[in-house]
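The sequence and structure come first.

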Amino acid sequence: TVGTLAAAVAHEVNNPLAFMFLAIDNAALMLDAEDADNEKLQTELTDVLNGATRIRDIVRDLMAFAKFRDEADTPSDLNEAIRTAVRIAAPELRYKAQVVTDLRASGNVAGAGRLSQVVLNLVLNAGRSFREATGGERIEVTSQLLDGQIVIDVIDNGPGGIAHGLVNAYWKDFSPLHNISSNPPPTDFFTGDKDHYPPIETAQKFKAEMAKQGGCCDLVIYK
């Protein structure tokens with residue numbers, strides 16, 4: 001994990017560095033020219049600033065992660081510890097999945113460094129569940145307060161996850177979509193337009209299959 005993460009962070013730093021060197025070279029050539037274009041020069045300097053800002057943000061996140069670990073007993077912001085872990089994992093996940101956060105719990109917690117490390121490992125492991133990109137890969141990181149306890153969930157929809165591995169050989173045996181008999185009883189299907197488990201496309205397919213078998217399915221999609 002450390003090696004993979006280090007390689008991803010190094011790649012993330014190297015990209016803006018390459019653009020910065022190119023922009024500096026271009027700016028130097030413009031300054032040597034007698035008819036320097038100030039507008040183009042400003043564009044090159046802006047590219048340098050953007051690259052430096054990106055590197056600064058990467059270093060900031062790494063320092064925050066180290067700070068959480070060094071100050072294990074000092075109360076730190078719960079959600080910032082989670083966000084830092086997600087940002088550090090971002091270079092590794094950028095071409096694998098979309099990462100979405102919904103952090104509703106709030107407050108300070110001790111042991112934020114250990115918490116951040118756990119979230120980082122869970123998010124990276126979730127990213128490994130995606131064998132190949134299809135466009136719908138998604139990782140959700142949420143926090144909420146339930147009955148006085150903070151609950152943090154890391155959920156992915158990848159086929160390489162633990163649940164998929166446990167039922168991979170027989171999931172169609174209990175899938176509602178694959179077990180619609182002739183003349184099925186009327187069915188109500190409720191979902192939301194932001195729900196991903198199952199996708200709306202699957203709900204629509206279920207309704208269509210019900211109709212093919214002579215049944216009726218009322219599909220309600222909440223906005």
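## An exposed glycine in a loop

G135 has a relative accessibility of 72% and therefore counts as exposed, the cut-off being over 50%. The model is a predicted one. G135 sits in the loop that connects α4 with β4. Its C-alpha lies 8.8 Å from the C-alpha of K96, although 39 residues separate G135 and K96 in sequence.

## Two residues with positive phi

Most residues other than glycine have a negative phi. D147 is not a glycine, yet its phi is positive, at about 50°. This residue belongs to the loop between β4 and β5. With a relative accessibility of 82%, D147 is classed as exposed.

N183 is likewise not a glycine and has a positive phi of about 50°. Its loop runs between α5 (162–167) and β6 (187–192). The relative accessible area of N183 is 63%, so N183 is exposed.

## The open sheet

Which strands form the open sheet, and in what order? The sheet has 3 strands, ordered β2-β4-β5, with mixed pairing. β2 (98–103) and β5 (149–156) are the edge strands; each has a single partner strand, so one side of each has no neighbour in the sheet. On average, neighbouring strands of the sheet are turned by 10° against each other, with direction ignored.

β2 and β4 run parallel and are joined by 6 bridges. Across this pair, T101 stands opposite V141 in β4.

Two helices lie against these strands. α3 lies across β2, β4 and β5, and runs at about 175° to β2. α4 lies across β4 and β5, at about 20° to β5.

## The nonpolar cores

The largest nonpolar core has 22 residues, and the members that touch the most others are I82, V119, I139 and V141. Two or more residues of this core come from each of α3 (78–93), α4 (112–128) and β4 (138–146). α3 gives the largest share, 8 residues.

Leaving out residues up to four places away in sequence, I82 touches L103, V119, V141, S143 and I152.

Is S143 buried or exposed? S143 has a relative accessibility of 1%, under the 20% cut-off, and therefore counts as buried. It is located in strand β4.

The side chain of S143 makes a polar contact of 3.1 Å with the side chain of N79. Residues up to four places away in sequence aside, S143 touches N79, I82, D102, L103, R104, A105, V151 and I152.

E44 is part of helix α2, which spans residues 38–70. The relative accessibility of E44 is 13%, so E44 counts as buried. Which residues does E44 contact, apart from its neighbours within four places in sequence? They are A23, N26, A27 and M30.

## The chain as a whole

The chain contains 6 helices and 7 strands. Read from the N terminus, its elements follow the order α-α-β-α-β-β-α-β-β-α-β-α-β. It has 223 residues, of which 32% count as buried.

Among contacts in the chain with a separation of 6 or more, 70% are between residues 24 or more positions apart. The accessible surface of the chain is about 14,300 Å², and 55% of that surface belongs to carbon and sulfur atoms.

Technical notes:
Residues numbered from 1 in each chain as written. Predicted model: local features only at pLDDT ≥ 70, side-chain atom pairs only at ≥ 80, totals over all residues. Heavy atoms only, no water. Core = buried A, V, L, I, M, F, W, Y, C linked by side-chain atoms within 4.5 Å. Buried < 20%, exposed > 50% of the residue type's maximum accessible area, 1.4 Å probe, protein only. Helix = DSSP H or I, 4+ residues; strand = E, 2+ residues; numbered from the N terminus. Contact = heavy atoms within 4.5 Å. Pairing = 2+ DSSP bridges. Axes fitted to C-alpha atoms, helices over the stretch in contact; angles between N-to-C directions. Polar contact = N/O pair within 3.5 Å; in protein donor to acceptor, adjacent residues only side chain to side chain. Areas by Shrake-Rupley, 256 points an atom, 1.4 Å probe, with all protein chains shown as cover.
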